Amino acid sequence: MQILEKTGICSQITFGRYMRRGRRLAEDPKLFIQDLQFKKVPVRVYQPKAPSDGRRRGIIFFHGGGWVFGSLDTYEKVCRYISRESESVVVSVEYRLAPEHKYPAAYEDCLHATVHFMKNLEHYGVDPARIIVSGDSAGGNLAAAVSQTLASRPDLPKLRAQILIYPGLQALDFNLPSYQQNRGVPLLFRERAAFFALQYLNGDASHVEEVLEGSHIPADIRLKYRKWVSPDNIPEQFKVRGYKPHVPHEFKAEVFEKAKESLSPTCYNVLRDDGLLYKKRLEDNGVPVTWYHLEDGFHGIISLHDYGGFSFPAGKRGLDSIVNFIKGLY
């Protein structure tokens with residue numbers, strides 16, 4: 001992709017969007033699917049055609065793609081599968097993308113679409129006691145941010161659950177064990193994680209290297225968040241393969257100015273250890289957590305469970321674990 005950009009053919013982001021554009025599939029005999037707008041935000045609603053004994057679960061889904069890529073079509077198969085197999089109403093949200101639309105545009109779109117849906121549940125036959133927000137990668141970030149915001153909204157139904165699929169949830173430390181161990185593993189390289197985060201925050205990824213080395217966080221803020229974001233909170237079983245403690249480089253105020261929005265309660269950032277750290281934080285605050293680890297999985301595998309004739313068994317297992325979790329929510 002960098003070759004295309006350097007030769008002036010097209011930008012990395014344009015090429016990436018083209019490759020990830022997805023396509024609208026043929027009609028699904030088991031689902032009623034329609035494209036709508038919730039508060040001017042494009043959404044795609046999936047409703048099972050089969051009769052239901054009562055109101056269904058409602059699932060709001062935010063797609064991944066580093067806040068830069070992805071669309072309703074990209075996640076068409078995933079959303080159809082979840083809706084069909086869990087017999088739930090699924091709302092897939094097409095939020096605005098960076099760098100054209102910087103933070104908090106994506107978050108605001110997801111929040112507005114979710115609130116609109118929650119205020120119109122009766123129209124879709126959804127049980128207000130069984131509403132779930134979900135998403136993968138950057139979408140998991142957005143789901144966590146929306147969940148935290150809605151927790152303080154007494155005028156809306158209380159969320160039943162959030163489903164975060166390899167979510168990006170922090171930008172303090174890009175040298176946690178999983179970032180070191182999987183730095184060169186497709187589909188999300190360590191450098192790409194920081195690149196996407198900076199594109200989302202301010203549309204400028206010129207300080208990627210400084211962020212990777214930790215120059216973007218002042219010592220006092222790093223100390224403040226160490227209780228939550230620290231390799232010490234990662235189980236030892238995930239540190240045995242190629243992890244070395246990292247000493248952050250000297251703090252640079254100009255880099256902090258570019259990345260400081262990453263410390264906002266509604267903005268988090270990427271990978272396995274992000275999920276583990278968030279899991280611990282939720283449990284420490286008395287929130288029940290169900291954790292499912294795909295030992296043979298990789299970042300993005302859920303959306304590739306059935307891709308262009310290729311089939312990844314781990315992706316199918318991951319999707320089935322999500323469906324089983326949803327069906328277990330009463």
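This is a predicted model: local features need pLDDT of at least 70, side-chain atom pairs count only at pLDDT 80 or more; totals for chains, interfaces and linings use all residues.
Cys110 gets the same label, buried, at 0% relative accessibility. As for sulfur bridges, a search of the whole structure comes back with zero disulfides. For context, a disulfide is a covalent bond between the sulfur atoms of two cysteines.

Cys110 also turns up in the contact list of Leu142, which touches Phe62, Trp67, Tyr95, Ala106, Tyr107, Cys110 and Tyr200 once residues up to four places away in sequence are set aside. Leu142 itself belongs to the largest nonpolar core, a set of 66 residues. Phe62, Val93, Phe117 and Leu142 are the members with the most contacts inside that core. Helix α4, spanning residues 105-118, supplies the largest share of this core, namely eight residues. There is also a second, separate core, made up of 25 residues, with Tyr46, Ala161, Ile302 and Leu329 among them.

Most residues other than glycine have a negative phi, and most peptide bonds are trans.

On the peptide-bond side, two cis cases come up. Ala98 and Pro99 are joined by a cis peptide bond with omega at about 5 degrees, and a cis bond with omega at about 10 degrees joins Tyr103 and Pro104. Pro99 is in the loop between β4 (89-93) and α4, and Pro104 lies in the loop between β4 and α4 as well.

Aromatic rings give another way to read the fold. The whole structure holds nine aromatic pairs. In one of these, the rings of Trp67 and Tyr200 have centres 4.6 Å apart and planes at 0 degrees, so the pair is stacked. Since Trp67 is in the loop between β3 and α3 while Tyr200 is in helix α7 (residues 190-202), the pair ties together parts that are 133 residues apart in sequence. Both partners, Trp67 and Tyr200, are buried. Elsewhere, ring pairs join Phe38, Phe117 and Tyr124 into a cluster; Phe117 was already named for its contacts inside the largest nonpolar core.

Arg192 lies over the face of Phe195, 4.1 Å from the ring centre. The charged end of Arg192 sits over the ring of Phe196 too, at 6.0 Å from its centre.

Finally, there is the annotated position. UniProt, in an unreviewed entry, lists Ser137 under "active site". Ser137 falls in the loop between β5 (126-136) and α5 (138-150). With a relative accessibility of 9%, Ser137 counts as buried. Its contacts, leaving aside neighbours within four places in sequence, are Gly64, Ile165, Tyr166, Pro167, Gly168 and His299.

Methods:
Residues are numbered from 1 along each chain as its sequence is written. Side-chain values use heavy atoms; hydrogens and water are left out. A nonpolar core is a set of buried Ala, Val, Leu, Ile, Met, Phe, Trp, Tyr and Cys residues joined through side-chain atoms within 4.5 Å. Buried means under 20% relative accessible area, exposed over 50%, partly exposed in between (1.4 Å probe, protein chains only). Helices (H or I, at least four residues) and strands (E, at least two) are DSSP runs, numbered from the N terminus. Contact means heavy atoms within 4.5 Å. UniProt positions are given in the numbering used here, feature names are shortened, and annotations may be inferred rather than shown by experiment. A disulfide is a pair of cysteine sulfur atoms within 2.5 Å. Rings of Phe, Tyr and Trp (its six-membered ring) pair if their centres lie within 6.5 Å; planes under 30 degrees apart count as stacked, over 60 as edge-to-face and the rest as tilted. A charge sits over a ring if NZ of Lys or CZ of Arg is within 6 Å of the ring centre and within 35 degrees of the ring normal.
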